[in-house]
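Colleague: I'm new to reading disulfides in a model. Could you walk me through them?

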Amino acid sequence: MTMTKSLVTAAGALALMAAPAMAQQAPQMGFFITSAPLQGGNLGGLEGADRHCQVLATAAGAGARTWRAYLSTQGANAVNARDRIGRGPWQNARGVVIANSVAELHGTNNLTKQTALTEAGAMVNGRGDTPNQHDILTGSQADGTAFSGDADRTCGNWTKGGEGSAMVGHHDRQGLNTEPPALSWNSSHPSRGCDLPSLRATGGNGLIYCFAAN
């Protein structure tokens, strides 16, 4: 065997040995916060919100998965956010596990300002940053289920970009006090309205959580 062939063979062997390690290091993103809003609370319904998640995930190289917005709806055919995001586990863009299951996500999860990243792996502004953008639209109760009653908590099932209200969570788990709602990632307080200026006035930017359902 010539020296050239020996070098090629050795390089090939090293590549084969390195391939599994590289595969293990590549994160399988299954969760992110959208890096940009749509039209306030008017997301085009659940379908429009899901499409927004899919488009951003595709741009980030994760379009092969089926993406769902973590949003509930209200009314006769109410949808629970927890029922539409798959079973987990979910990793962020840097490969950090957010939660291993739906139960863990709504219990003791690993969702913080440092882990609740955008599809590009960037942190989202939180309390103390300028501007504060920690209000994430969810329309959900703390257990991930829909609200009953007549009070609007979903900006008209995500079709209103003006009057109305939506329940938001704090992705940085910080608020005006240390009571459970202030520290909740998915159910902190209702917004003042559904247009972007109103959402921004209380510390948001019309952003949503996206999860890979498969």
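Modeller: Buried means under 20% relative accessible area, exposed over 50%, and partly exposed in between (1.4 Å probe, protein chains only). Keep in mind that this is a predicted model, where local features need pLDDT of at least 70, side-chain atom pairs count only at pLDDT 80 or more, and totals for chains, interfaces and linings use all residues. Residues are numbered from 1 along each chain as its sequence is written, and side-chain values use heavy atoms, with hydrogens and water left out.

Colleague: Which residue forms a disulfide with Cys-194?

Modeller: A disulfide is a pair of cysteine sulfur atoms within 2.5 Å. Here the partner is Cys-155, with the sulfur atoms 2.1 Å apart. Cys-155 is in helix H4 (residues 155–158), while Cys-194 sits in the loop between strand E7 (189–190) and helix H5 (196–201), so the bond ties together parts 39 residues apart in sequence. Helices (H or I, at least four residues) and strands (E, at least two) are DSSP runs, numbered from the N terminus.

Colleague: Is this disulfide left-handed or right-handed?

Modeller: The torsion about its S-S bond is about -100°, so it's left-handed.

Colleague: How many disulfides does a search of the whole structure find?

Modeller: Two. Cys-53 is joined to Cys-210, S to S 2.0 Å. Those cysteines lie 157 residues apart, Cys-53 in helix H2 (residues 45–59) and Cys-210 in strand E8 (residues 204–212). Cys-53 is buried at 0% relative accessible area, and Cys-210 is buried at 0% too.
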